[in-house]
Amino acid sequence: MQITSPQFKSNAAAALGDRQLQRALSNVEKGFVEKRAAAVGRLPEFEALRDAARDIKNHTLSHLDLYLEAYEAKVRESGGHVHFAETAEDARAIVLEICRKAGARTVTKGKSMITEEIGLNDFLAANDIEPVETDLGEYIIQLRKEPPSHIIAPAVHVNKDQVEADFRRVHTHLDEGRNLEEPSALLSEARGVLRAKFLAADVGITGANFLVAETGTSVIVTNEGNGDLTQILPKVHVVVASIEKITPTLEDVGQILRVLARSATGQDSSVYTTFSTGPRRPGDVDGPEEYHVVILDNGRSAMLGGEFQDMLRCIRCGACMNHCPVYHAVGGHAYGWVYPGPMGAVLTPTLIGVDKAGHLPNASTFCGRCESVCPMRIPLPKMMRHWREREFERHLSPATQRLGLAVWAFFAKRPRLYRLSTRIAAGALAMLGRGKGRFASLPFAGGWTAHRDLPAPQGGTFMAQWKARAPERNGSGVR
Amino acid sequence: MISRDTVLSKIRRSLGVTGAETERRAAVTDRLQRAPAGVIPKRGQVGRAEQQALFTDMAEKVQASVARVASPADIPEAVADYLRGRNLPLSLKMGSDERLNALPFAEKTPFLEIALGASDGGDLVGLSHAFAGIAETGTVVLESGPDNPSTLNFLPDTHIVVVRAQDIEGDYETMLAKVRDRYGKGVMPRTVNMITGPSRSGDIEQTLLLGAHGPRDLHILVVGP
């Protein structure tokens, strides 16, 4: 897909003025946040499970080469095939070859962020294989030729009336006079249309929430059941998953499952958690005849052992974006690529380069809500700071910003001068702003005052006030 | 194979390891062997009767319906009652599970039409026997195979699942231990489905709608005293 991350600022400005989008985004702010809080409240062990989940992934990542080998051996034992792909291009070529060998004309797809990352749909279509997204949200955005705007609710930016219009536009074989007023009518229509596609598909492609080293199993977690129909009906099942999906044991999966659904949708458990191991067995009357796993690196191995390793713990629950004030304001498309929100702000620069995605780690107020809800305790703000540092080091940030920082740093390194100048500045601003108590414009502060007024300071600096209140603190303050 | 070795060596370079370290290898073997349990919610760590009550409660909270029958011989009538109550045709499809095939359908519910095998998408009702239930989340666990073909779990509009009361466990871990007992360490059936309520979607304006692609209704028959 086309990357528009470099245009984040104009994307965001457009998003703020998009009324349909703003209405749709209000659903995120309320629903997901409340449901997660309720589910977490029902499970006293939740915080302990977060620790356990974090520790499992840390252990796995530091032994990833060995767990991958163990996993691969187990898949082979159960009659499946494992393919390693270094890049997105490699992964696409592997999937295409499997589809060609199977003589595939249509493939059904379970919801998978990784196939969005490698741009699989466009590639298959360009090679005369029709990809059919089967998750309702993914199906809707496929009809609209849009990328997902949320990692677990891909069509969260779309309103019901837009879905109705899309269905009427595309499902031309159905009665024009049909009533699609209710969301349930839209769901039934999608169910009917996709049921035929499920039964006709030659290959089913899914992602994986976990790849279990102990048993060679891929695990998917869904609510609709589309992922299951995708993997049991066609004669070939292809799993596309990235290296960090490896999880040592079934018990380890159990630990992470308990934080996954609660963090994502506020469910105690998703409806379908499915463990798939190899192809159809002797005597089986259904299931795929071939089972392939494509394991993708695509830049992740370079994150190991460095300051971004913690990001590889991410289980794609979406809690960070559900709780992000920036995501709430601009939605997912503004981020300009596959992964939006705080997790996208950290991951996207790794995958497409900080030169293209440098705006994303800057699109944060550092309020810390993402880290506070992340089930894997990923220090997202810290890693966004790492990206800002790298951006600065590589001279990618704008000259005015660099100059501003340099001026600030000059003073910050000289505490006396800093205190003196802030005292003068605060005093001057307080005097100038005495009338209104705010400034509509100020030199060098246009970035702020273009959008809102700057409140006038009250007079004294923080340090001065702190000192003045020393007696109230029983003398136990700074010296 | 070239990609495989490249990916593994990139990982090793980043981690600063060779892959031959005895200590690392031992740590991995140990975890895979022991499969430590971790944190198990207290919710399910209760007596059998409470576990069964919790199972029903949790399943009903996610819009499954649950009925209790005293013995397997009561299942045919319980199935027929459910279908009549929902105004559904008196026909169903099931696999070759011995426990289901031994049921007295012919004597008790001769009017019930029963077809055997996998679902081709044309069946309105599927009947399966669960391997286990999990009280913690109100989940039924089904294994694939000719006994209970996986397609029956997803294609029919209505899925009826029989689970024996004694197979309802408190938590995931006890269920996983049962899978290991049955298949052996490190071995899994082709598919294990953990099913918690009927299919649903929230993709249209975050409104919860049942019956997305899988069954619109999930009815669980708990069998046993």
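Ile152(A) touches Ala264(A), Cys317(A) and Gly318(A), leaving aside residues up to four places away in sequence; touching, or being in contact, means that the C-beta atoms, placed from the backbone, lie within 7 Å. You'll find Ile152(A) in the loop between α8 (136-143) and α9 (160-170) of chain A. Helices (H or I, at least four residues) and strands (E, at least two) are DSSP runs, numbered from the N terminus. Ile152(A) is buried, because 24 other C-beta atoms lie within 10 Å. The cut-offs for that word: buried takes 20 or more other C-beta atoms within 10 Å of the residue's own, exposed takes 12 or fewer, partly exposed is in between, and C-beta atoms are placed from the backbone. Ile152(A) and Met383(A) are 231 residues apart in sequence, and their C-alpha atoms are 22 Å apart in space.

A word on the model itself. It is predicted, so local features need pLDDT of at least 70 and side-chain atom pairs count only at pLDDT 80 or more, while totals for chains, interfaces and linings use all residues. Residues are numbered from 1 along each chain as its sequence is written, and chains are lettered from A and ligands numbered from 1 in the order in which they are written.

Chain A is split into three pieces: domain 1 (1-42 + 318-397), domain 2 (49-254 + 274-301) and domain 3 (409-473), with bounds from an automatic or database domain assignment. Taken over C-alpha atoms, the centres of domain 2 and domain 3 of chain A are 54 Å apart.

Now the sheet. In chain A, six strands form an open sheet with parallel pairing, in the order β1-β10-β7-β4-β2-β3; strands pair if DSSP finds at least two bridges between them. β1 (81-85) and β3 (130-133) of chain A are at the edges with a single partner strand each, so one side of each has no neighbour in the sheet. β1(A) pairs with β10(A) in the parallel sense over five bridges, and Val82(A) has Val293(A) in β10(A) as its bridge partner.

Helix α2 (residues 19-41) of chain A is worth a quick check. Its 23 residues should span 33 Å at 1.5 Å a residue, and the end C-alpha atoms are 34 Å apart, which agrees; the expected span is 1.5 Å times one less than the number of residues. Among the buried residues of α2(A) are Leu21(A), Phe32(A) and Arg36(A). The cover over the buried residues of α2(A) includes α1 (8-16) and α12 (250-264) of chain A.

What about the two chains together? 79 residues of chain A are in contact with 65 residues of chain B. Helix α10 (residues 183-200) of chain A gives the largest share of chain A's side, eight residues. Strand β9 (residues 272-276) of chain A and strand β9 (residues 191-195) of chain B run antiparallel, joined by five bridges. There, Thr273(A) stands opposite Met194(B) in β9(B).

Most residues other than glycine have a negative phi. Here are the exceptions:

| Residue | Phi | Loop | C-beta atoms within 10 Å |
|---|---|---|---|
| Asn298(A) | about 50° | between β10 (290-296) and α13 (319-322) of chain A | 21, buried |

Conventions. Two residues are in contact if their C-beta atoms, placed from the backbone, lie within 7 Å.
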